[in-house]
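This briefing covers a pocket, a helix and a sheet. Keep the model open while reading.

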Amino acid sequence: MKKLVALLMMVTLYAVSVAGGLITPEKLNKIKDKKDVVVLDYRWNKVPEKTIPGAMVVLNKDFSRERDGVKGMVLPKEEFESFMSKMGIENKDTVVIVDDNGMMNATRLWWILNLYGHKGDVFILDGQIMAWEKSGLPMAAPSKPSKTSKYVAKDANPKLVATLEEVKASIEDNQMVVLDARSKLERIKGHIPNSVFIEWKENITKDGKYKSKAELKKLYRDSGITKNLKAIMPHCKSAVRSTQSMFALVEILGYDNVKNYDGSWLEYEAVKAPVKYGM
């Protein structure tokens, strides 16, 4: 009987994990109280009065640092280890992230966790905290860490982060494509030559959920963003919105050639690299 129960639990978790990194409010409600499941509420710098029961609040300042004069860069590995340990998060914990801003905050943290080699599954609540509220599920005050841990991170995975040099190389290399996830107005004021424009908002529906796999496949395929490219490098102003696009490509469409440009426009503009204007 115990073996059957264990098997059913494994099947349940597998059903969640193959959902492309997304999780529904109903599925989250079933697993949120497990010892190896951590729910993080990441609403940039806002501390909500109510959230998912058991969820801990994290803020942008916890993960963002200025480096070489560029604001909003990812924090160093050692600081990431220290923060995760302070929060009591273990290397193999399943982490579920929720936000209220088009899932861009949640995907930024999804990218950071994967960048530093988190061993457990990382899920995003599809539809944000609003989906949880619309489902009529209970809300509660945010929780505090109940313990500490000894979290050990890996060195940043170079396959998940694009450098300024790689971005510059894409101007002449058609197999390396920069994906501009910013707004139309931002792009008109200046963009990286030969970059492809798909605003991050195109990835989600009016109710704040990710579009279907078929819709996203068509969106990117029609713009020439395909799996056979050497590298796809999303960017925005400070590499937050770009992770929302990266999530769509990696977790929903199964691309393995996507690298988030952490320096993004703040770095690119500061070094006076080549710029093109208009659409």
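On a 1 Å grid over the protein atoms alone, a pocket is an open set of points where a 1.4 Å probe fits, with protein on both sides within 12 Å along at least five of seven lines; lining residues have an atom within 4 Å of a point. The model is predicted: local features need pLDDT of at least 70, side-chain atom pairs count only at pLDDT 80 or more, and totals for chains, interfaces and linings use all residues. Residues are numbered from 1 along each chain as its sequence is written, and side-chain values use heavy atoms, with hydrogens and water left out.

**Largest pocket**
- The largest pocket holds about 300 Å³ of space; the volume is the space filled by probe spheres set on the grid points, which are joined across faces, edges and corners.
- Its lining counts 20 residues, and Arg67, Met73, Val161, Ala162 and Glu267 lie nearest the centre.
- At least two lining residues come from each of strand S5 (70-74), H4, strand S8 (161-162), helix H6 (164-169) and helix H10 (264-270).
- S5 gives the most, with 3 residues.
- Helices (H or I, at least four residues) and strands (E, at least two) are DSSP runs, numbered from the N terminus.

**Helix H4**
- H4 spans residues 104-115, 12 residues in total, and reaches 16 Å from its first C-alpha to its last.
- That is close to the 16 Å expected at 1.5 Å a residue, taken as 1.5 Å times one less than the number of residues.
- H4 is largely enclosed by the rest of the structure, because 11 of its 12 residues are buried (under 20% relative accessible area, 1.4 Å probe, protein chains only).
- Among the buried residues are Arg108, Trp110 and Trp111.
- Just after H4, Gly117 takes a positive phi of about 75°.

**Sheet S10-S9-S11**
- Three strands form an open, parallel sheet in the order S10-S9-S11.
- S10 (196-197) and S11 (231-235) are the edge strands, each pairing on one side only.
- Strands pair if DSSP finds at least two bridges between them.
- S9 (residues 176-180) is joined to S10 by 2 bridges; Asp180 has Phe197 as its bridge partner in S10.
- S9 and S11 pair over 5 bridges, and Val178 has Met233 as its partner in S11.
- In a regular strand the side chains alternate between the two faces of the sheet.
- Both faces of S9 are covered: Met176, Val178 and Asp180 are buried on one side, Val177 and Leu179 on the other.

Technical notes: Buried < 20%, exposed > 50% of the residue type's maximum accessible area, 1.4 Å probe, protein only.
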